[in-house]
Amino acid sequence: MPLEMNREVFITCAVTGSGSTQDKSPHVPRTPQQIADSAIAAARAGAAMVHCHVRDPETGAPSRCLKLYREVTDRIRDADVDMVLNLTAGMGGDIVFGAPDPLPTQSGTDMVSAEERVAHVAECLPEICTLDCGTMNFAEADYVMTNTPGMLTAMGTMMTELGVKPEIEAFDTGHLWYAKQLVKDGVLDSPALVQLCMGVPWGAPDDLNTFMAMVNNVPDDWTFSAFGLGRHQMPYVAASVLAGGNVRVGLEDNLMLDRGVLATNADLVTRSVEIIERLGAKVMGPDAVREKLGLTKRAPA
């Protein structure tokens, strides 16, 4: 892919995620209403797309509950501001091994079928859902994010048949390699949408040489976005735009606006809009994103 600045940029806000951030900031939303309200505020600030997980409303722990997804979806679609809804499909592939003996697996293991991992997508029919396109040691302890070729083929086929566009989550170059194979095999449609996930231990590090290796492995006709974690979130807004991509910000990836200043999702979107416009680019709205990606807006239930 030639290196050319993107002049029309869409912002995705990753609203809450599934990491253990729920007690680190009062701004991390837990309940469906809080998640939807935070997504709506992000959309008002300039996010064309919102990427949503759900959490147990009492504990903040990650959840796959269909009822919670349904409520978040309905609240977002009933809002007086438009946005493209992107739901995670990343949960249900988690293995936590014991040490020094790997078996039996430990608390936190959550392994379910492809059908269960996509059940909320079939129920809510978002315009986009994520497809984590590989297996990797993930961040902490002996947790492995598990996405086998067979699982990805099954999930990708279901998403395509549902008319929901997968957003390929690429945490390393091999994930892009396999994503291209899924397109070649007819599992995913082309041109595809990909999110370059930088600096997630132990995937692709967030240095610019590695980032450009990822960018250069994205086919020319695909659309890509990128993010970095923590203090690298805003630098990656600029880096992605300059490399020809779009941007993702939000409390899933970063809790701080400045040193010592906790952010809201709307704060992070507002800051990213400032960076994009100072670079001389235009921030896209949801209808422009739908046209670019070939999406059909879903009506409220």
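# A pocket lining and a strand

Guide: Strands β5 (62-63), β7 (93-96), β9 (128-132) and β11 (143-145) each supply at least two residues of the lining of the largest pocket. This is a predicted model, with local features needing pLDDT of at least 70, side-chain atom pairs 80 or more, and totals for chains, interfaces and linings using all residues. Residues are numbered from 1 along each chain, and side-chain values use heavy atoms, without hydrogens and water.

Visitor: What makes a residue part of the lining?

Guide: An atom within 4 Å of a pocket point. The lining of the largest pocket divides into 17 nonpolar, 15 polar and 11 charged residues.

Visitor: Why is β13 called largely enclosed?

Guide: Buried means under 20% relative accessible area (1.4 Å probe, protein chains only). Six of the six residues of β13 (residues 193-198) are buried, so the rest of the structure largely encloses this strand.

Visitor: How do you know that both faces of β13 are covered?

Guide: Look at each side. L193, Q195 and C197 are buried on one, and V194, L196 and M198 are buried on the other.

Visitor: What makes β12 and β13 a pair?

Guide: Two strands (DSSP E runs of at least two residues) pair if DSSP finds at least two bridges between them. Four bridges join β12 (residues 165-170) to β13, so they pair, and they run parallel. In β13, L193 is the bridge partner of E167.

Visitor: How do you know that β13 and β14 pair?

Guide: Count the bridges. β13 and β14 (residues 223-228) share six, in the parallel sense. There, Q195 stands opposite S225 in β14.

Note on methods:
Buried means under 20% relative accessible area, exposed over 50%, partly exposed in between (1.4 Å probe, protein chains only). Ala, Val, Leu, Ile, Met, Phe, Trp, Tyr, Cys and Pro count as nonpolar, Asp, Glu, Lys and Arg as charged, and the others, Gly among them, as polar.
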